[in-house]
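Work through the exercises below with the sequence and the model at hand. Each task is followed by a solution in steps.

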Amino acid sequence: MESPDNKTRALCRIGDRSTSDVVVRLRTQEGRDEWILDSRNCVEVYCQESELDYHINVLRLFYDSIDCSVTDVCHGVRNTLGVLRVANELGCPQIIAACVDYLEAVCWEETEEEEILRTIPGMGSQAEPILARLQPVNTTAIVRIFLAAIRFTTSSPSSSLTDLKTSAQEQLEYMLTEDDDAPLLTADDQIKSEVRACVNNLFARFTTLVESLPCKTEEPVSETGKLQLFQSYLTDLSWACQILVKLDIMREFVMKWMEASESIVKAVDLASPEAEILESRLKIVEITAKILEPIAYGTAILPTAKRLKMVKVWLPFVRVVKPLIDAASADGEGLALKMDGELWQSLESAFVSIILALPSGDQAEILTGWLQNKHIRYPDLTEAFEVWCYRSKVAKRRLASFGVSIV
């Protein structure tokens, strides 16, 4: 049997004249006037127009949901926030607790999250659990998740995990990016060492694959099943370059790419017809552009012989690939084979800077080859040619005026 109190509560209904003793009159600045109870004793409550329905819901809960279960009080994040605001204003601890339990447990959309941040901080300790998911994480936890992600993204997972890998790569880059906020992670020597090791392992797998690629007299690479893996490695290495640059540890990878350059170019030239491996060629150009930039601008210091080698290996490769990409794009067959125009320009500028830092005799050899090549338009070495001409013409006079002996 119900207790007397429960029986009494069961007989009370909002809006029932026979059991009502108070009128709650909700009024807004816009003029809306809502009568909740019909009686001679009147209590007026003023609220914003946007909050009126939430006030009505809370007042109904006084009668309809005495125990304030979460399912009775909460119907979606936005509605629950509205109810919570009113319950906090009117001092209703049971309703507040039900709203807090709900908001702490469910997922939020981005717009809802912003509204929660505007609403909750001023409500005191009872509402604090709602914000637990938004609190900063300690550095140790950040480092652990960063290292776990870098190991996964450079482990060459199966193609079925490509989407997961790509997403993790994006988040790693975001963690290290300075935008409106400081980077989430400041890398120390331990983190840099771990990243180097992961990228070195990835590159080792890549070079092993390069060595195993068949030549033209054998089965084409596309038919051996290795092409997809080859392209995957290149994509991962291109992304890894961005991480290495952000951590200022690019030099070791520059050296490794330089040492493997001839093998890479040779393998690609012999592995398959140009059309089948054009996407891979483009990705190689992207990586090479990222490698040449630190060499060109002094971030990675290489001896003269190694810089000359990079120009002699990659200048012919790039000047052949560029028209192939342009032709494929013009035919409508290469919609996915496009490289950012700024990257092509950056690559050209890097070649010019590297060439101009070489001995004048090496410059002359490179420029002669450029002027005799049918692909003279790209890379355009006009600037290097102009500087070389000026330096060569005034060399004897300039050196003599400063007392420098002529070799």
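Among contacts (heavy atoms within 4.5 Å) between residues at least 6 apart in sequence, 66% join residues at least 24 apart. This is a predicted model, in which local features need pLDDT of at least 70 and side-chain atom pairs count only at pLDDT 80 or more, while totals for chains, interfaces and linings use all residues. Residues are numbered from 1 along each chain as its sequence is written, and side-chain values use heavy atoms, with hydrogens and water left out.

**Exercise 1. Find the largest nonpolar core and the residues with the most contacts inside it.**

Step 1. A nonpolar core is a set of buried Ala, Val, Leu, Ile, Met, Phe, Trp, Tyr and Cys residues joined through side-chain atoms within 4.5 Å. Buried means under 20% relative accessible area, exposed over 50%, and partly exposed in between (1.4 Å probe, protein chains only).

Step 2. The largest such core holds 82 residues, and Phe-253 and Trp-257 have the most contacts inside it. Helix H14 (residues 304-330) gives the most to this core, namely 11 residues. Helices here are DSSP runs of H or I with at least four residues, strands are runs of E with at least two, and both are numbered from the N terminus.

Step 3. Leaving aside residues up to four places away in sequence, Phe-253 touches Val-199, Phe-203, Leu-237, Cys-241, Leu-244, Ile-287 and Ile-291.

Step 4. A second, separate core has 26 residues, among them Val-58, Leu-84, Cys-92 and Val-100.

**Exercise 2. Check the length of helix H15 and state what its buried residues pack against.**

Step 1. H15 covers residues 341-356, which is 16 residues. The expected span is 1.5 Å times one less than the number of residues, so H15 should span 22 Å.

Step 2. The end C-alpha atoms of H15 are 23 Å apart, which agrees.

Step 3. The buried residues of H15 include Trp-344, Leu-347, Glu-348 and Phe-351. The buried residues of H15 pack against helix H13 (278-296), H14, helix H16 (360-372) and helix H17 (382-401).

**Exercise 3. Is Gln-231 buried or exposed, and which residues does Gln-231 touch?**

Step 1. Gln-231 lies in helix H11 (residues 226-246).

Step 2. Its relative accessibility is 19%, so Gln-231 counts as buried.

Step 3. Apart from residues up to four places away in sequence, Gln-231 touches Glu-279 and Ser-280.

**Exercise 4. Count the disulfides and classify Cys-241 and Cys-389.**

Step 1. With a disulfide taken as a pair of cysteine sulfur atoms within 2.5 Å, the count is 0.

Step 2. Cys-241 is buried because its relative accessibility is 1%. Cys-389, at 32%, is partly exposed.
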